[in-house]
Amino acid sequence: MPHLNSTIFRPSVLTLTGIPGLESVQFWIGIPFCIMYIIALLGNSLLLVVIKVERSLHEPMYLFLAMLGATDISLSTSILPKMLGIFWFHLPTIYFDACLLQMWLIHTFQGIESGILFAMAMDRYVAICYPLRHASIFTQRLLTQIGVGVTLRAALFVAPCLFLIKCRLKFYWTTVVSHSYCEHMAIVKLAAEDVHVNKIYGLFVAFSILGLDIIFITLSYIRIFITVFKLPQKEARLKAFNTCVAHICVFLEFYLLAFFSFFTHRFGYHVPSYIHILLSNLYLLVPPLLNPIVYGVKTKQIRDQVSKILYCNYSY
């Protein structure tokens with residue numbers, strides 16, 4: 001039982017420090033972060049417009065890409081405005097309930113993004129391994145069900161984290177969160193009570209969503225590569241492999257950053273705290289920035305439509 005005189009009972013307001021150890025240069029760090037955010041918004045918005053107006057892109061792969069773009073916009077928007085408020089305008093305070101809401105939104109959008117990447121891997125698996133059945137399997141109804149399913153999965157799995165914090169943890173050592181946004185473990189570490197249940201459930205959610213998704217995505221691509229290498233013609237192998245390159249790049253970028261950030265935050269006790277925070281920030285900001293660029297460069301149909309839109313505007 002914590003000493004009541006040295007703890008705070010259910011604080012109504014928390015203070016986000018930003019990046020501990022780099023407070024003197026946070027203003028300058030905010031500039032590239034803001035640029036990344038603007039590029040991510042423009043890139044993903046352009047991607048959504050292109051997929052919406054071009055009927056030839058109303059196929060499962062591109063519709064999943066549109067879901068990914070919308071998720072990226074939501075994810076980056078749930079973190080950047082408050083972060084820039086801390087860096088530029090010295091507005092570190094946030095209501096406790098608002099902090100929990102931000103935590104839920106961030107982790108939910110992360111789970112949704114992971115689910116969409118898994119769905120995209122399954123789409124490529126069926127398209128390459130069972131091409132004649134692809135159209136009958138990935139119907140409009142199934143795409144809707146997948147979109148609703150990955151959203152509900154993430155939202156419902158993350159929701160108990162809020163209740164475990166709100167209902168179990170009453171006493172806190174401090175109201176200062178050593179982070180630039182409201183992250184689950186950063187809030188749990190403030191508590192002056194037993195937090196083993198919170199930590200275990202956090203690990204359970206991470207494995208149930210990110211862990212299982214990465215296992216199934218890896219297995220699907222092993223099966224895809226086996227099928228591709230069995231194709232008799234070199235041109236067919238290159239064409240099949242090229243359809244997967246963009247997704248593989250996005251998959252590696254998302255999960256490598258995710259697991260590096262996850263493990264350094266929990267087990268990298270000798271890593272400076274500002275490294276933890278910078279990695280966490282990059283994990284949330286880099287995928288929304290790179291995803292539209294990767295798919296725009298590697299996907300000819302999207303590249304052609306973007307060129308057409310930009311050319312028409314320029315001519316006008």
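Buried means under 20% relative accessible area, exposed means over 50%, and partly exposed lies in between, with a 1.4 Å probe and protein chains only. This is a predicted model, in which local features need pLDDT of at least 70 and side-chain atom pairs count only at pLDDT 80 or more, while totals for chains, interfaces and linings use all residues. Residues are numbered from 1 along each chain as its sequence is written, and side-chain values use heavy atoms, with hydrogens and water left out.

A search of the whole structure finds three salt bridges, a salt bridge being a side-chain nitrogen of Lys or Arg within 4 Å of a carboxyl oxygen of Asp or Glu. In one of them aspartate 97 pairs with lysine 166, and the closest N and O atoms are 2.7 Å apart. This pair links distant parts of the chain, since aspartate 97 belongs to helix H4 and lysine 166 to helix H6, 69 residues apart; helices (H or I, at least four residues) and strands (E, at least two) are DSSP runs, numbered from the N terminus. Aspartate 97 counts as partly exposed because its relative accessibility is 47%, and lysine 166 counts as partly exposed because its value is 37%.

Another salt bridge joins arginine 153 to aspartate 213, with the closest N and O atoms 2.8 Å apart. This pair, too, links distant parts of the chain, with arginine 153 in helix H6 and aspartate 213 in helix H8 (residues 196-229), 60 residues apart. Arginine 153 is partly exposed at 22% relative accessibility, whereas aspartate 213, at 2%, counts as buried.

The side chains of aspartate 123 and arginine 124 also meet in a salt bridge, at 2.9 Å from N to O. Aspartate 123 is buried because its relative accessibility is 1%, and arginine 124 is buried at 12%. Arginine 124 has its place in helix H4 (residues 96-129), and, not counting residues up to four places away in sequence, it touches Met61, His134, Tyr221, Ile224, Thr243 and Cys244, where contact means heavy atoms within 4.5 Å.

H1 and H10 pack at an angle of about 35°, with their axes 7 Å apart; axes are lines fitted to C-alpha atoms, for helices over the stretch in contact, and angles run from 0 to 180 degrees between N-to-C directions. The contact involves residues of H1 including Phe33, Met36, Ile39 and Gly43, and residues of H10 including Leu278, Leu282, Val286 and Pro292. Val286 is also touched by glutamate 253, a residue of helix H9 (residues 234-267) that is buried because its relative accessible area is 13%.

H1 (26-53) and H10 (273-298) also each supply at least two residues of a nonpolar patch. The patch, about 780 Å² of surface, is made by Val25, Phe27, Trp28, Ile31, Ile35, Ile39, Leu290, Ile293 and Val297, and H1 gives the most to it, with five residues. Valine 25 is found in the loop between strand E2 (13-16) and H1, and it counts as partly exposed because its relative accessibility is 34%. Lysine 52 also lies in helix H1 and is exposed, with a relative accessible area of 65%.

Key
Patch = residues over 30% accessible without salt bridge, like charges linked within 9 Å, V, L, I, M, F, W, Y side chains within 5 Å. Areas by Shrake-Rupley, 256 points an atom, 1.4 Å probe, with all protein chains shown as cover.
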